[in-house]
Amino acid sequence: MMTITEQLPSVALRNYIRCYSLRELNTGGQDVPRLIHAIDQSFMTFWLSKTPLFSHTPSLFGTTETIQKVNLNERPLLGLQTSFKGHLNFNGVYRFFSVEFIANGFFRIFNIPFSHLSDRLLHTDDVVGVNARFLQEQLEESACMQEMAQAADQFFLKAFLKNLPKNNIENITAASWIIQQSSAPLNIGALASQVNLSIRGLERHFIEQVGISPKLLARVVRFNKALQCKMIYPERNWTDIANSYTYFDQMHLIKDFKTFTGHTPSSFLKQLPLPMRERFGKDIN
């Protein structure tokens, strides 16, 4: 069973960090896989328990996989993912604190181009410096979620205030929000006009700050919305969901599913054991 507690960051950070979350998982002695599919946010994770965890990465042709023990002493930084990367295998009791960045949020806070981080899993300390270790210690010593959020706010606000915003940062933030909120197919020309950039400027700054192109982010966002819809309303069929999220037809949705999860929609859902089917649409305190 998994328990998730979420809390909003400081007001100054809310355009760049969606939330902090504390996840506590007890698998009851069973192997519980967590599929790593395409996502439209990036995450920084701090492991607060030392229960062994293994990653299963498919080979280039998908016939075999590499199994590797995860180093829980590292603080993984997961960039935006645009393809299936295998799964993590949980077995035991786990506790971990995650920071969910919105689109170009990591770039705004740390002034580090995200084009180097998309589709990669890195050690946070290698990217932002050893101060992340001190945040880890504060999180481990915190008595509750509120104390954890306060420690995280101090860490990210310090970096946020140190790094002055670059030209076009707010334009790309606005463009990212438009993509996240829109239900219509992306019109790149209209989007560029809305945020006062040329098409070329939008695409160049977007890749630098977000890590992928606006069109690819729009595809990943739509896929995640369709998946989220199915998780909230399992009785809805895929044809109805495809129509709701402006796919040409069900086969178009299936094609995106195979690209972003390595599975068909029905096959993907079978890979999700009940303990890992996190409740969507949660309230955030």
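Biologist: Where does asparagine 196 lie?
Modeller: Asparagine 196 lies in the loop between α6 (188–194) and α7 (199–210). Helices (H or I, at least four residues) and strands (E, at least two) are DSSP runs, numbered from the N terminus.

Biologist: What kind of model is this, and how are residues numbered?
Modeller: This is a predicted model, in which local features need pLDDT of at least 70 and side-chain atom pairs count only at pLDDT 80 or more, while totals for chains, interfaces and linings use all residues. Residues are numbered from 1 along each chain as its sequence is written, and side-chain values use heavy atoms, with hydrogens and water left out.

Biologist: Back to asparagine 196: is it buried or exposed?
Modeller: Asparagine 196 counts as exposed because its relative accessibility is 68%. Buried means under 20% relative accessible area, exposed over 50%, and partly exposed in between (1.4 Å probe, protein chains only).

Biologist: What is its phi?
Modeller: Phi of asparagine 196 is near 60 degrees, a positive value in a residue other than glycine. Most residues other than glycine have a negative phi. Asparagine 111 also has a positive phi, of about 55 degrees. Asparagine 111 is found in the loop between α1 (105–110) and β10, and is partly exposed, at 29% relative accessible area.

Biologist: How many helices and strands does the chain have?
Modeller: The chain has eleven helices and ten strands. Its C-alpha atoms fill a box of roughly 50 × 45 × 35 Å along the principal axes.

Biologist: What radius of gyration does the chain have?
Modeller: The chain has 19 Å, which agrees with the value near 19 Å for a compact globule of 285 residues. The radius is taken over C-alpha atoms, and the globule rule is 2.2 Å times the number of residues to the power 0.38.

Biologist: What share of the residues is buried?
Modeller: Buried residues make up 49% of the 285 residues.

Biologist: Which residues touch the most other members of the largest nonpolar core?
Modeller: In this core of 50 residues they are Tyr20, Phe97, Phe106, Ile109, Phe110, Phe156 and Leu202. The largest share of the core, nine residues, comes from helix α4 (residues 145–162). A nonpolar core is a set of buried Ala, Val, Leu, Ile, Met, Phe, Trp, Tyr and Cys residues joined through side-chain atoms within 4.5 Å.

Biologist: What is isoleucine 109 in contact with?
Modeller: Leaving aside neighbours within four places in sequence, isoleucine 109 is in contact with Leu13, Tyr16, Ile17, Phe101, Phe156, Ala159, Phe160 and Asn163. Contact means heavy atoms within 4.5 Å.

Biologist: Now histidine 123: where is it, and why does it count as buried?
Modeller: Histidine 123 is in strand β10 (residues 121–123), and counts as buried because its relative accessibility is 17%. Not counting residues up to four places away in sequence, histidine 123 touches Glu74 and Arg75.

Biologist: And where is glycine 262 found?
Modeller: Glycine 262 is found in the loop between α10 (250–261) and α11 (265–270). Glycine 262 is partly exposed, with a relative accessible area of 44%.

Biologist: What does glycine 262 touch?
Modeller: Not counting residues up to four places away in sequence, glycine 262 touches Phe84 and Phe257. Glycine 262 and leucine 135 are 35 Å apart in space, C-alpha to C-alpha, and 127 residues apart in sequence.
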